[in-house]
Amino acid sequence: MLSLLYSAIRPLLFTLSPELAHDFTFATGRVAQWVPCVSSLLRAFYGQPHISLERSVAGLVFSTPLGLAAGLDKGAQLLPIWKALGFGFVEIGTVTPRPQPGNPRPRLFRLVDEELVLNRMGFNSEGAEVVSRRLKRRPKNLVVGGNIGKNKATPEEMALDDYRLAYRLIAPEVDYIALNVSSPNTPGLRRLQAPELLMPLLQGMLLTRKEMGLENQPVFLKLAPDIGPEELDSIVDTALASGISGLIATNTTLDRGIIQSEVNRGKVSGWGDGGLSGKALKQKAQCVQKRILERLHGRLPLIACGGVSSSNDVAESLGMGASLVQLFTALIYKGPGLVGKVNDGLTGRG
């Protein structure tokens, strides 16, 4: 039913600019989620993952391995909706320590025929203090992760201070933390993935975690898909040596080669900078994920993300060795009913 409804309204939503459609959808969702019958109906149709999907990862219990990736609900505004739809976990953010507007609009674009999205949002964030207050009203029995990053104006050498500040505000209100050092839309951010810069950042964050008495809270590191094999091995080794809890791979890509159509490559060239996400990212993301899993050899969990759009994709990622799987862009093209379809597909009911 939900899929049919979304199929009917999608053409209307897609007449709006992507960011305007997002803002309209969230405004509607913020109202709808506090109407008791709405959440109840969603849960009745889609929000009850089968008990067989439950799993424990990094000390947390997930009702299903399917989660919502960071970037969609940056400010933790629709957590009751995501729970009602059947997500096992939601990663909010990226949250910066201080509010910032992000990059100028337009900064979000659709390639509808290839189910791709180009974004250069630039960590638009209400700031950690605002998001932290909102998280105090989060629904029970939903694993929530907090994805944090530095402010654009903060120089690389002071990045740790920003991550610490965001962590202190967000960490007490979430179940795990994801350190975003891989967005292509904040200048210089990806340089923090270099082992010589990454190790001090990870050690500093784990020290902050200890100072706050949150030693049991998992800390994950989110990586880019545009990393060479040897550099990726070094990053994984650094993560292992640091003592963090796991990895998330991957973020959006700068690789325009994943676009199939020459016409679409021309469109993207005209749109300018930004990271690509969506169906065509799957192959590139999986190459990175497979190498990470081989290097980890079971010593840390991996959350797979990038190009996931079906229960088959989720099953494939889990079969490779990923512990959990996230999606985001597919929700834009296939609608909220996708969550229930994936959960049913994983249990053989879809």
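Phe 62, Phe 89, Tyr 176 and Phe 220 form one aromatic cluster. Keep in mind that this is a predicted model.

User: How are the rings of Tyr 176 and Phe 220 arranged: stacked, tilted or edge-to-face?

Analyst: A search of the whole structure turns up seven aromatic pairs. For Tyr 176 and Phe 220, the ring centres are 5.4 Å apart and the planes sit at 70°. Planes over 60 degrees apart get their own class, so this pair is edge-to-face.

User: How many residues apart are Tyr 176 and Phe 220?

Analyst: The pair links distant parts of the chain. Tyr 176 belongs to strand β8 (residues 176-180), while Phe 220 belongs to strand β9 (residues 219-223).

User: Is Tyr 176 buried or exposed, and what about Phe 220: buried or exposed?

Analyst: The cut-off for buried is under 20% relative accessible area. Tyr 176 comes in at 1%, so it counts as buried. Phe 220 has 2%, so that one is also buried.

User: Which ring does the charged end of Arg 110 sit over?

Analyst: The charged end of Arg 110 lies 4.2 Å from the centre of the ring in question. That ring belongs to Phe 14.

User: In the open sheet of three strands, which are the edge strands?

Analyst: The strand order is β5-β6-β11, with antiparallel pairing. An edge strand here pairs on one side only. That gives β5 (108-111) and β11 (275-278).

User: What is the bridge partner of Phe 109 in β6?

Analyst: β5 and β6 (residues 116-119) run antiparallel and are joined by four bridges. In β6, Phe 109 has as its bridge partner Leu 118.

How values were computed. Residues are numbered from 1 along each chain as its sequence is written. This is a predicted model: local features need pLDDT of at least 70, side-chain atom pairs count only at pLDDT 80 or more; totals for chains, interfaces and linings use all residues. Side-chain values use heavy atoms; hydrogens and water are left out. Rings of Phe, Tyr and Trp (its six-membered ring) pair if their centres lie within 6.5 Å; planes under 30 degrees apart count as stacked, over 60 as edge-to-face and the rest as tilted. Helices (H or I, at least four residues) and strands (E, at least two) are DSSP runs, numbered from the N terminus. Buried means under 20% relative accessible area, exposed over 50%, partly exposed in between (1.4 Å probe, protein chains only). A charge sits over a ring if NZ of Lys or CZ of Arg is within 6 Å of the ring centre and within 35 degrees of the ring normal. Two strands pair if DSSP finds at least two bridges between them.
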